[in-house]
Amino acid sequence: MQSITAFLPALLLSLTLPLAPAHAQEAPPATPQAQEGIAEGAIDLQRFMGRWYVIGRVPNFVERGHVASTNTYSLRGEDKVAIRYQYREGFGEQEEELQLRASVDEDSGNRRWRTWFYRIVPTRTRILEVAPDYSWALIGYPGREMAWIFAREPDMDATLYRQLALRLRDRYEVNTDKLKRVPQHPGQVGKLGFEVPNRN
């Protein structure tokens, strides 16, 4: 794992981003058609745990240029979650990881999480939507400038990806002009819409 100094710019950025109030990023009332394919009610934390592949994201200081990115969640008690973020700077590079922890707001239906970098820098994320079978998830962040598309498998059909990107744009007002797909395989590097790795 890299030293904390390597991530100091990202940590300072996190400190400058406002923590959202409890109602931030609440979805507007959805039509029946918009609700098709969405798991309703509270998030089942047990089902949400495990490995998620980062299929798409708005690039940010911490993750920019990473490939083969995954988040693995492990429940620690009723409302505490350990997070292991694994990635490569390029497909020829060694795998690296970051360890984080999170607490789940008990009155949020398990959707709002407060996450700490290195136990000291708090940020907020929110599970916006999950598939009924928990095969994909949309994750948001205060300010609607950052978002993620997760999946249980490293490959996602292009049509589904476009549909989920439209959900982020139309329901949650995320600036999806900045949304990039994350290469999970070397063959995806250089393709239209995919993020450029930090190293070849």
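**Figure 1. A cluster of aromatic residues in the predicted model.** In this predicted model, ring pairs join Phe48, Trp52, Tyr73, Trp113 and Phe150 into a cluster. A search of the whole structure finds seven aromatic pairs. In the pair of Trp52 and Phe150, the ring centres are 6.2 Å apart and the planes meet at 35°, so this pair is classed as tilted. The pair links distant parts of the chain, since Trp52 belongs to strand 1 (residues 50–57) and Phe150 to strand 8 (residues 147–151), 98 residues apart. Trp52 has a relative accessible area of 0% and is buried; Phe150, at 2%, also counts as buried.

**Figure 2. The aromatic pair of Tyr141 and Trp148.** These two rings are arranged edge-to-face, with 6.4 Å from centre to centre and 70° between the planes. Tyr141 counts as buried at 6% relative accessibility, and Trp148 counts as buried at 9%.

**Figure 3. Arginine residues over aromatic rings.** The charged end of Arg152 sits over the ring of Trp52, 3.8 Å from the ring centre. The charged end of Arg181 sits over the ring of Tyr161, 4.6 Å from the ring centre.

**Figure 4. Helix 3 and its two ends.** Helix 3 comprises the 15 residues 158–172, which should span 21 Å at 1.5 Å a residue; its end C-alpha atoms are 20 Å apart, which agrees. Tyr161, Leu164, Ala165, Arg167, Leu168, Arg171 and Tyr172 are buried in this helix. Seen down the helix axis, the buried residues fall within an arc of 160°, so they line one face of helix 3. Asp157 caps the N-terminal end, with a side-chain oxygen 2.9 Å from the backbone nitrogen of Thr159. Just after helix 3, Glu173 adopts a positive phi of about 55°.

Methods: Residues are numbered from 1 along each chain as its sequence is written. This is a predicted model: local features need pLDDT of at least 70, side-chain atom pairs count only at pLDDT 80 or more; totals for chains, interfaces and linings use all residues. Side-chain values use heavy atoms; hydrogens and water are left out. Helices (H or I, at least four residues) and strands (E, at least two) are DSSP runs, numbered from the N terminus. The expected span of a helix is 1.5 Å times one less than its number of residues. Buried means under 20% relative accessible area, exposed over 50%, partly exposed in between (1.4 Å probe, protein chains only). The arc is that of the directions from the helix axis to the C-beta atoms. A polar contact is a pair of N or O atoms within 3.5 Å; within protein, one must be able to donate a hydrogen and the other to accept it, and residues adjacent in sequence count only if both atoms are side-chain atoms. Rings of Phe, Tyr and Trp (its six-membered ring) pair if their centres lie within 6.5 Å; planes under 30 degrees apart count as stacked, over 60 as edge-to-face and the rest as tilted. A charge sits over a ring if NZ of Lys or CZ of Arg is within 6 Å of the ring centre and within 35 degrees of the ring normal.
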